[in-house]
Amino acid sequence: MLQKITLKGFKSIKTIDINLGSLNILIGANGAGKSNLISFFKMLNEMMAGRFQQYIGVSGRAQSLLNFGPKITPQIEAKLEFEVENGKDTYYLRLFHAAGDTLIFAEETLSFLQADYESPRVDQLGAGHEETKINKAAEHMPTARTLKYLLDRCRVYHFHDTSFTAGVRQSSYIGNNRWLMSDAGNLAALLLKFCKENRHSYQGIIETIRLIAPFFDDFELDPDGSGHVMLNWREKGSDMIFGPHQFSDGTLRAICLISLLLQPKDKQPELIVVDEPELGLHPYALNVVAALFQSASQHTQILISTQSSLFLDNFDPENIIVVNRDDKNSHFRRLNPSELGTWLDDYSLGEVWEKNIIKGGPY
């Protein structure tokens with residue numbers, strides 16, 4: 001489990017140092033900085049895939065990533081501390097502003113502190129490189145191998161794009177089924193694999209989709225002659241086959257979330273990060289999805305950003321991280337249930353948030 005994250009100099013985050021639990025819900029007003037923490041994990045995803053410089057380029061260059069630009073903040077620092085079976089693994093990086101308005105590694109360090117030991121074993125991966133060296137180091141360093149596994153499985157999912165050109169509405173290659181892509185572009189291929197190899201998980205996904213879309217019967221996942229498959233489906237009481245373009249935006253987003261959270265446990269990431277899962281969902285569907293997040297947090301770690309008070313009602317105060325922003329910087333604090341006093345005797349957690357009792361108001 002990702003036990004603690006320290007982050008300095010990234011976008012609106014001047015500095016944060018926060019412990020994470022199995023279920024973590026970020027709340028705050030528009031522009032408070034919730035999505036900036038989410039985008040840090042997106043940057044990690046791209047970094048682990050060897051696309052760090054590409055990520056910098058498409059994100060507006062380094063000046064867009066550094067807190068108020070390189071003149072104010074010339075570097076980004078991050079430390080991720082993972083609790084592992086026999087101790088604690090830590091990944092530390094320091095990224096420095098370089099010519100061409102990019103970022104290079106000024107420092108990249110791995111460490112392992114074994115339980116009952118006072119000093120960690122530290123591995124330095126050098127400085128001056130443009131892409132992470134952890135993938136190469138994993139070939140011969142045990143700590144690098146473990147951290148690569150953990151960092152690879154801190155996955156950000158973003159199902160906002162449900163336009164006609166969205167990947168989830170297109171055909172996908174049936175062999176692209178190792179794990180769910182960040183935009184669910186390979187959902188049809190993954191469901192086809194579950195249907196063949198893990199019928200129990202597949203049936204759980206189908207039955208849950210029916211809760212929020214009573215008209216839905218099942219998918220029709222028949223590969224074409226080129227080895228591609230589309231997210232075709234049937235309606236109850238009809239033999240007619242419908243295509244993915246005939247799902248509403250909200251229904252399609254709900255299907256993506258349900259499939260993510262009910263896939264076989266061995267396919268689940270170590271950390272699931274989702275920005276605004278409530279987008280386009282009916283209140284009943286919100287409650288179903290919230291219950292799935294609760295259940296999934298029993299075997300994998302969850303980090304969600306939300307602006308929905310109805311969605312928030314499904315969680316406990318100790319799950320909540322409140323995000324506020326002063327004139328310049330974002331501040332993150334875990335909600336202390338004791339500060340709510342007797343408010344929850346008369347109001348739901350979402351209503352308390354709307355009244356700005358815990359700050360981070362949604363309006």
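Me: How much space lies in the largest cavity?
Reply: About 50 Å³, in what is a predicted model. A cavity is a set of points on a 1 Å grid over the protein atoms alone where a 1.4 Å probe fits but cannot get out, and its volume is the space filled by probe spheres set on the points.

Me: How many cavities of 30 Å³ or more turn up?
Reply: One, from a search of the whole structure.

Me: What lines the largest one?
Reply: Phe159, His160, Arg253, Leu257, Val274, Asp275, Glu276, Pro277 and Leu279, where lining means an atom within 4 Å of a point.

Me: New topic: how do H8 and H9 pack?
Reply: H8 (residues 249-262) and H9 (residues 283-296) pack at about 20°, with axes 10 Å apart. Angles under 35 degrees count as roughly parallel, so these two helices are roughly parallel to each other.

Me: Which residues make that contact?
Reply: From H8, Leu257, Ile258, Leu261 and Leu262; from H9, Val289, Leu292, Phe293 and Ala296. Contact means heavy atoms within 4.5 Å.

Me: What classes are they?
Reply: Eight nonpolar, no polar and no charged. The lining of the largest cavity has five nonpolar, one polar and three charged residues.

Me: Where does residue numbering start?
Reply: Numbering runs from 1 along each chain as its sequence is written, and side-chain values use heavy atoms, leaving out hydrogens and water. Local features need pLDDT of at least 70, side-chain atom pairs count only at 80 or more, and totals for chains, interfaces and linings use all residues.

Technical notes:
Axes fitted to C-alpha atoms, helices over the stretch in contact; angles between N-to-C directions. Helix = DSSP H or I, 4+ residues; strand = E, 2+ residues; numbered from the N terminus. Parallel < 35°, antiparallel > 145°, perpendicular 65-115°, else oblique. Nonpolar A, V, L, I, M, F, W, Y, C, P; charged D, E, K, R; others polar. 1 Å grid on protein atoms, 1.4 Å probe; cavity = no way out; pocket = protein on both sides within 12 Å on 5 of 7 lines; lining within 4 Å.
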